[in-house]
Amino acid sequence: MLHAAGTWVLKDAPPAANIVGSKWFFKAKKDTSGNVVRYKAWLVAQGFSQVPGIDYFDTYAPVAKLPSIRTILSIATRLDMEMHQVDIKGAYLNGDLTSAEVIYMKPPPGYAPDDLGKQVLRLKRTLYGLKQSGRRWYQKLTAIFVNGLGF
Amino acid sequence: MTHALIDEFKARLKDHVEITDLGELHWLLSIEILRDRQAQLVHLSQRSYIDAILRRFGFEDLKPVSIPMDTQKTLSAAQSPASTSEFAAMRNVPYREAVGSLMYLALATRPDIAFAISIVSHFTIRPGLEHWESVKRIFRYLKGTRELWLTYGSLPGGEKLQGYADADGSMAEDRHAISGYAFMLGGGVISWASKRQEIVSLSTTESEYVAITHAAKEAKWLRSLIAEIFHPLVDPTPLLSDNQSAIALTQDHQYHARSKHIDIRYHFIRWMVEDGTIRLVYCPTEDMVADTLTKALPSMKVKHFASELGLRSL
């Protein structure tokens with residue numbers, strides 16, 4: 001998933017560069033009766049080690065308010081409208097970092113291609129945990145709706 | 001036709017991102033959504049979330065109760081721990097975590113516990129045993145009412161947006177009154193709040209006035225949301241209050257000696273009456289559904305207002 005999305009390239013970091021930490025996050029998905037159905041692993045960036053003004057700039061992104069959701073549910077029901085839902089897989093991995101956001105990340109534990117040497121991961125796209133991920137994903141989705149789907 | 005449009009939208013979205021089609025809306029932010037197309041109703045519940053938090057805090061075996069907050073009991077900062085032994089007794093109590101997990105319910109589908117949560121959340125800094133007992137009571141109330149579903153749709157009287165605003169200050173030890181509002185649409189409450197007022201009022205009229213202003217701002221926002229997504233609302237939104245003198249204040253530009261201390265920003269509401277955003281309407285206290293957002297009520301009223309707000313059993 002991560003490789004396919006072109007999330008990073010291997011690079012030597014400049015000597016003074018801030019290297020953001022990384023970490024694996026594991027979870028056992030259970031069904032309603034508590035049996036494990038799937039094991040999930042996320043690679044997360046340790047956003048707390050990002051430097052403001054260098055690694056990230058604005059981080060705001062709109063979030064749906066619950067009253068908005070309920071208002072829409074109420075009116076759509078009265079009007080007998082269709083209501084469907086989709087889940088976007090790895091939503092945050094779709095966000096693009098801007099050219100100003102040069103972020104180097106420590107390779108995650110266990111990630112060791114043969115020729116790694118002293119190289120680190122130069123991020124191309126947002127990861128879970130980065131400060132700007134929410135905002136970059138919001139911008140990406142807006143671009144898809146406006147430019148791609150013509151809304 | 002509509003189905004073709006939805007399929008096309010999903011297909012086109014797939015050109016840009018990887019998606020899982022979850023079909024008709026049935027689950028959103030831990031809210032279970034049941035739709036009855038025949039009756040044109042939608043029912044929302046967080047019963048699995050309630051079960052999960054009862055389990056998380058080890059409250060599965062608590063006895064259910066019919067009200068979320070004791071009407072006789074007043075919580076105050078004086079009940080916070082003072083001695084070493086009192087602090088020790090509270091050390092391992094997950095007060096903040098419990099209040100936090102109840103907060104999400106109060107925000108999403110359970111206006112009937114909103115007032116109780118706003119009260120117990122005042123004591124998260126230094127909670128005492130009395131405060132913790134009040135938190136437990138909310139869990140017990142939820143245990144007995146987990147099958148209440150917030151319902152909207154083609155219900156009588158649900159065609160128009162209508163708001164209720166109320167205030168109560170009698171039980172607050174610090175003299176800060178509580179504002180409550182509820183906006184009804186489609187037979188159920190779509191927006192509500194129970195909030196401690198920032199100012200100290202000198203009269204009930206003043207605190208009711210503050211509550212009306214708080215509600216009026218929400219009315220303005222809801223109207224613009226509905227206008228943007230569906231259609232503009234032509235008529236002013238009725239805002240119901242059980243305080244005649246607060247209503248009079250909103251309609252009168254005259255300078256009253258007894259009300260000139262009221263902060264200028266609360267007169268914002270007069271403009272909203274003039275520009276046709278809202279219309280103040282008197283409502284007798286027994287029909288004031290926002291009452292349940294401003295004080296602890298006895299069981300009969302708790303049930304009545306919960307049902308008026310659209311919380312029903314299936």
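This is a predicted model: local features need pLDDT of at least 70, side-chain atom pairs count only at pLDDT 80 or more; totals for chains, interfaces and linings use all residues.
Residues are numbered from 1 along each chain as its sequence is written, and chains are lettered from A and ligands numbered from 1 in the order in which they are written.

**Overall form of chain B**

I counted ten helices and eleven strands in chain B, taken as DSSP runs numbered from the N terminus (helices H or I, at least four residues; strands E, at least two). The radius of gyration of chain B, taken over C-alpha atoms, is 22 Å, close to the 20 Å from the globule rule (2.2 Å times the number of residues to the power 0.38), so chain B is as compact as a globular protein of 314 residues. Along the principal axes, the C-alpha atoms of chain B fill a box of roughly 65 × 55 × 40 Å. I also looked up contacts (C-beta atoms, placed from the backbone, within 7 Å): of those in chain B with a separation of 6 or more, 73% join residues 24 or more positions apart.

**Strand β9(B)**

I found that four of the five residues of β9(B), residues 237–241, are buried, so this strand is largely enclosed by the rest of the structure. Strands count as paired if DSSP finds at least two bridges between them. β9(B) runs parallel to β6(B) (residues 162–168), with two bridges, and there B:Gly163 has B:Leu239 as its bridge partner. With β10(B) (residues 278–282), β9(B) is also parallel, over five bridges, and B:Ser241 is the bridge partner of B:Tyr282.

**The antiparallel sheet**

I then traced an open sheet of five strands in chain B, ordered β2-β3-β4-β5-β11 with antiparallel pairing. At its edges stand β2 (27–28) and β11 (311–313) of chain B, each with a single partner strand, so one side of each is left without a neighbour in the sheet. Within the sheet, β4(B) (residues 41–45) and β5(B) (residues 148–153) are joined by four bridges, one pair being B:Leu44 and B:Leu150. α1(A) packs on this sheet, touching β4 and β5 of chain B, and its direction makes about 55° with that of β5(B); the axes are lines fitted to C-alpha atoms, for helices over the stretch in contact, and angles run from 0 to 180 degrees between N-to-C directions.

**Where chain A meets chain B**

I recorded 25 residues of chain A in contact with 34 residues of chain B. On the chain A side, α1 (66–78), β5 (84–88) and α2 (133–148) each give two or more residues, and α1(A) gives the most, with eleven. β5(A) pairs with β1(B) (residues 19–24) in the antiparallel sense over four bridges, and A:Val86 stands opposite B:Asp21.

**Helix α4(B)**

My last entry concerns α4(B), residues 95–108, in which the buried residues are B:Ala98, B:Val99, B:Leu102, B:Leu105, B:Ala106 and B:Ala108. These residues pack against α1 of chain A together with β3 (31–36), α2 (47–56), α5 (114–120) and α6 (129–144) of chain B.

Methods:
Two residues are in contact if their C-beta atoms, placed from the backbone, lie within 7 Å. A residue is buried if 20 or more other C-beta atoms lie within 10 Å of its own, exposed if 12 or fewer, and partly exposed in between; C-beta atoms are placed from the backbone.
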